[in-house]
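This report looks at helix packing, the nonpolar core and a few individual residues. Please keep the sequence and the model in view while reading.

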Amino acid sequence: MTMTPAKGHAVDLSDEAVHWDLHDAMSYGDYLYLSQLLDCQHPLSGAHDEMLFVIIHQSSELWIKLCLHELSGAIRCICDDDLGPAFKMMARIGRVQAQLIQSWEVLSTMTPFDYASFRSALGKASGFQSFQYRMLEFYLGNKNAKMAEVFSADAATAALVQSALKSPSIYDETLRLLARRGFVIPADRLERDFSAPYVPHPQVTDAWRQVYRDAQTHWDLYELAEKLVDLEYRFHLWRFSHMKTVERIIGARVGTGGTSGVAYLQKALELRFYPELWEVRTEI
């Protein structure tokens, strides 16, 4: 019996015009600054699982950077009454939030013993000190001036956080849009100290009630409202997943940043960004 020689499984590239010589051209690695990016992971303890911990948090910061980019663009579009592009940007944020939620699934593969093997190397470092996370929270509408104090040691970072704290949130600009469209919005909700937490008002609830009861007439505002609810919904899923992952790994221990850990994260789940949009649902 004659055996037929096995054929190799390599892809034939002989008819492909591959750019093999990149000496004088920009490469994939050049464009993405990969040598610098991949040199940013420096575990301190020698523990195997610390690399996972570092990469999860670094990649999350990159996703948050994209969220801030899209959110800033959406706010500008709402200011210009150009809601189509804003919807696309807000939908993209939603997809990024799904990635952030999924990241906790990866981190949850780390056991309490795994984390304990390098936790002391973190010192006082904590996600509580993520300035991008805090800016995202502020631009979404959850204002708390006290939270900005932890960044005071770095003047440049503190300025960025303060700018986000004092600027109108996406909800503030949405209420201004409602007013421009003829809905009755109290003046003290349109011009106020934007660094202070937003306080709900019955007239704002009534404006949203009108939008929802005649969605056909106010379709773009109705769509904007649902996009906002989606952002907040996913944000709370992210927080919940964070809380449960922390609970799974460290139980009720105090966080490295000085918070009560799981108990603090549970309190944060009670916050509402767009209270009238949740209140009006009870009446529909």
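## Helices α10 and α13

In this predicted model, helix α10 (residues 202-213) and helix α13 (residues 275-283) have axes that come within 9 Å and cross at roughly 55°. That angle makes α10 oblique to α13. The crossing of α10 and α13 is right-handed.

On the α10 side, the contact is made by V204, T205, W208, R209, Y212 and R213. Their partners in α13 are E276, L277, E279, V280, R281 and E283. By class, the residues of this contact are five nonpolar, one polar and six charged.

## Helices α3 and α4

Two packed helices are described by the angle between their axes and the distance between the axes. For α3 and α4, the angle is about 165° and the axes are 9 Å apart. The two are roughly antiparallel, because an angle over 145 degrees counts as such. The contact of α3 with α4 has 21 nonpolar, five polar and two charged residues. The crossing of α3 and α4 is left-handed.

The loop between α3 (50-79) and α4 holds D81. Relative accessible area is 35% for D81, so this residue is partly exposed. D81 has a phi near 55°, a positive value in a residue other than glycine.

Most residues other than glycine have a negative phi. Y33 has a positive one, near 50°, and is not glycine. Y33 sits in the loop between α1 (28-32) and α2 (34-37). With a relative accessible area of 56%, Y33 is exposed.

## The largest nonpolar core

How many residues does the largest nonpolar core have? The count is 69. Those with the most contacts inside the core are L136, I170, Y171, L175, W208, W238 and L277. Helix α11 (residues 219-250) gives the most to this core, with 12 residues.

L136 touches I64, C67, L68, L71, F235 and W238, leaving out residues up to four places away in sequence. W238 is itself listed among the residues with the most contacts in the core.

## Q97 in helix α4

Is Q97 buried or exposed? At 4% relative accessibility, Q97 counts as buried, because the cut-off is under 20%. Q97 lies in helix α4 (residues 83-107).

Beyond its neighbours within four places in sequence, Q97 is in contact with D230, L231, R234 and F235. F235 is also touched by L136. Q97 and L32 are 65 residues apart in sequence, and their C-alpha atoms are 23 Å apart in space.

## M243 in helix α11

M243 is found in helix α11. Its relative accessible area is 5%, so M243 is buried.

Which residues does M243 touch, not counting those up to four places away in sequence? They are V262, L265, Q266 and L269. M243 and A263 are 20 residues apart in sequence. Their C-alpha atoms are 8.7 Å apart.

## E61 in helix α3

E61 lies in helix α3. With a relative accessible area of 27%, E61 is partly exposed. Setting aside neighbours within four places in sequence, E61 is in contact with S130 and Q132.

E61 and W219 are 158 residues apart along the chain. Their C-alpha atoms are separated by 34 Å.

Terms used: Residues numbered from 1 in each chain as written. Predicted model: local features only at pLDDT ≥ 70, side-chain atom pairs only at ≥ 80, totals over all residues. Heavy atoms only, no water. Axes fitted to C-alpha atoms, helices over the stretch in contact; angles between N-to-C directions. Helix = DSSP H or I, 4+ residues; strand = E, 2+ residues; numbered from the N terminus. Parallel < 35°, antiparallel > 145°, perpendicular 65-115°, else oblique. Left-handed = near helix turned anticlockwise from the far one by under 90°. Contact = heavy atoms within 4.5 Å. Nonpolar A, V, L, I, M, F, W, Y, C, P; charged D, E, K, R; others polar. Buried < 20%, exposed > 50% of the residue type's maximum accessible area, 1.4 Å probe, protein only. Core = buried A, V, L, I, M, F, W, Y, C linked by side-chain atoms within 4.5 Å.
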